[in-house]
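Biologist: I would like to learn how to read a model like this one. Can we take the features one at a time?

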Amino acid sequence: MARRRILWLSGVVAAVGLSACGGGSGAKRATPTAPPEPAAAIEIPKGQPLRIGVSAALSGEQKSLGVDLADAVELAVRERGATLKGHPLAVARMDDGCGDAEKAVGVARSLASDPGVAGVIGPMCTTGAQAADSVYEAARIVHILPAATRADLSQQGERFLFRTAWLDDAQAHVQAAYMLSSLRATSAVLVDDGEPYGKALADAFATAFEAGGGSIASRERTERGAKDFAALARKVKSANPDAAVFEGLNPEAALVVQALRKEGYRGYFIAPDGVLSARDFIESSKEATAAADGAIVTGGPTPDGAFVAKFRDAFQRPPGTPFVLQAHDAATALLNALESAAAERADGTLVIDRAQLAQTLRTQGLDGLTGTIRFNEHGDRSGDTPGDAGLAIFRVANGRFEAVP
């Protein structure tokens, strides 16, 4: 990043909810029941709207995140002028329940049956994305994941799946590279919380760190809901690594760093996007604020003041999650591809070849709010920098997350 950006909302939910609900591996991909062969092209009659579907949690615990994502798509459509080649643009919001596989599949089937839907932003969470993917693939509907980060979602030979969110293994690689090259830290105690999200990150970090010449002094495991980390802190202090790397969520991350500092460990503390919440990691107590100082946390870039102002003007509130940027980028990339791939017949019908739309999206890319987006053969972000991966590095200073240039 060319300049420092301070986290814009002290109580930001950030990736906590999405990481927690997005790391599971229990959902199965749905097998559509004898679907009709989809038309090769989408045809929108003259004067009829072209719809962008949004599959996100619009109820339940993750409602605030899902509504933010849907509003970010709406904002991107409004900025386009609400029309595309003379056809009105509309956003079709549907509630996928985040971690509710059955609900996500139902949304996918509903959107797939709508002849006016040209593409979908979502599903929001990994469980829903994994379950619904085969429905979208069978219907040849471009679907762009703005918040589901588990790496293997795109490894099943999909042709119509794309992702503006980062990948968990890319985040682990960014952590390892930053430690080795910028911090000159070559030893680490690696801790995960035993959950799919944390374990996957820890495995990927160990591989990348050791490949770069670093050494893992020991691997430790905590449990979600644990409160006492004194024994862990003593192990870390005894090993005296350059860094303690915790792959998991709050409140455990906040309690772990407090225990480390109380024990007298003064090495680096590094954590992932699931910890990127000022409210939960920094502001929960005076002890948390003091212990968090200097901690390094990776995650997605945060909205700047201009975006927050636009969002507030449109929806009378500030966004509550940085994933609004990935959702806005997803909608913008889809709209750009539609503009290029759509053709008009003499009678005013808009015709969009489904395969051509996916290919256009794959080759066109976007210089977006989350960095340069170039999709690889799997539909994931490609490139060599944290920005290309859709990631940023933050350091806690003065009670805030500050982006590292």
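Biologist: What radius of gyration would a compact globule with 405 residues have, and what does the chain have?

Modeller: General idea: the radius is taken over C-alpha atoms, and the globule rule is 2.2 Å times the number of residues to the power 0.38. For 405 residues a compact globule would come near 22 Å. The chain has 21 Å, which agrees. Its C-alpha trace spans about 75 × 45 × 35 Å along the principal axes.

Biologist: Where do the coordinates and the numbering come from?

Modeller: The model is predicted: local features need pLDDT of at least 70, side-chain atom pairs count only at pLDDT 80 or more, and totals for chains, interfaces and linings use all residues. Residues are numbered from 1 along each chain as its sequence is written, and side-chain values use heavy atoms, with hydrogens and water left out.

Biologist: How many helices and strands does the chain have?

Modeller: Helices (H or I, at least four residues) and strands (E, at least two) are DSSP runs, numbered from the N terminus. Here there are 14 helices and 18 strands.

Biologist: What percentage of the residues count as buried?

Modeller: Buried means under 20% relative accessible area, exposed over 50%, and partly exposed in between, with a 1.4 Å probe and protein chains only. Of the 405 residues, 58% count as buried. For the accessible surface, the method is Shrake-Rupley with a 1.4 Å probe; for residues, only the protein chains shown count as cover. The chain's surface comes to about 15600 Å². Carbon and sulfur atoms own 49% of that.

Biologist: And what percentage of the contacts join residues at least 24 apart?

Modeller: Contact means heavy atoms within 4.5 Å. Take contacts between residues at least 6 apart in sequence: 72% of them join residues at least 24 apart.

Biologist: How many positive and negative side chains are there?

Modeller: Lys and Arg count as positive, Asp and Glu as negative; His and the chain ends are not counted. Each charge is placed at NZ of Lys, CZ of Arg, CG of Asp or CD of Glu. The chain has 42 positive and 48 negative side chains. The centres of the two sets lie 3 Å apart.

Biologist: How many aromatic pairs does the count give?

Modeller: Rings of Phe, Tyr and Trp (its six-membered ring) pair if their centres lie within 6.5 Å. Planes under 30 degrees apart are stacked, over 60 edge-to-face, and the rest tilted. The count comes to 7 aromatic pairs. Among them, Phe162 and Phe375 are edge-to-face, at 5.2 Å centre to centre and 70 degrees between the planes. That pair links distant parts of the chain, 213 residues apart: Phe162 sits in strand β7 and Phe375 in the loop between β16 and α14. Both Phe162 and Phe375 are buried.

Biologist: Is the pair of Trp166 and Phe323 stacked or edge-to-face?

Modeller: Trp166 and Phe323 are stacked, with 5.2 Å between centres and 20 degrees between planes. Trp166 lies in the loop between β7 and α5, Phe323 in helix α12, 157 residues apart. Trp166 is buried because its relative accessible area is 2%. Phe323 also counts as buried, at 2%. Elsewhere, ring pairs link Phe269, Phe281 and Phe401 into a cluster.

Biologist: Is the peptide bond from Gly122 to Pro123 cis or trans?

Modeller: The Gly122 to Pro123 bond is cis, with omega near 0 degrees. Pro123 is in the loop between β5 and α4. The Asn250 to Pro251 bond is cis too, with omega near 5 degrees. Pro251 is in the loop between β10 and α8.

Biologist: Is the phi of Arg140 positive or negative?

Modeller: Arg140 has a positive phi, about 60 degrees, although it is not a glycine. Arg140 lies in the loop between α4 and β6. At 26% relative accessible area, Arg140 is partly exposed. Arg184 has a positive phi of about 55 degrees. The loop between α5 and β8 holds Arg184, and with 64% relative accessible area Arg184 is exposed.

Biologist: Which residues does Val396 contact?

Modeller: Val396 is in strand β17 and counts as buried, at 2% relative accessibility. Leaving aside neighbours within four places in sequence, its contacts include Phe281, Ile282, Ala292 and Phe401.
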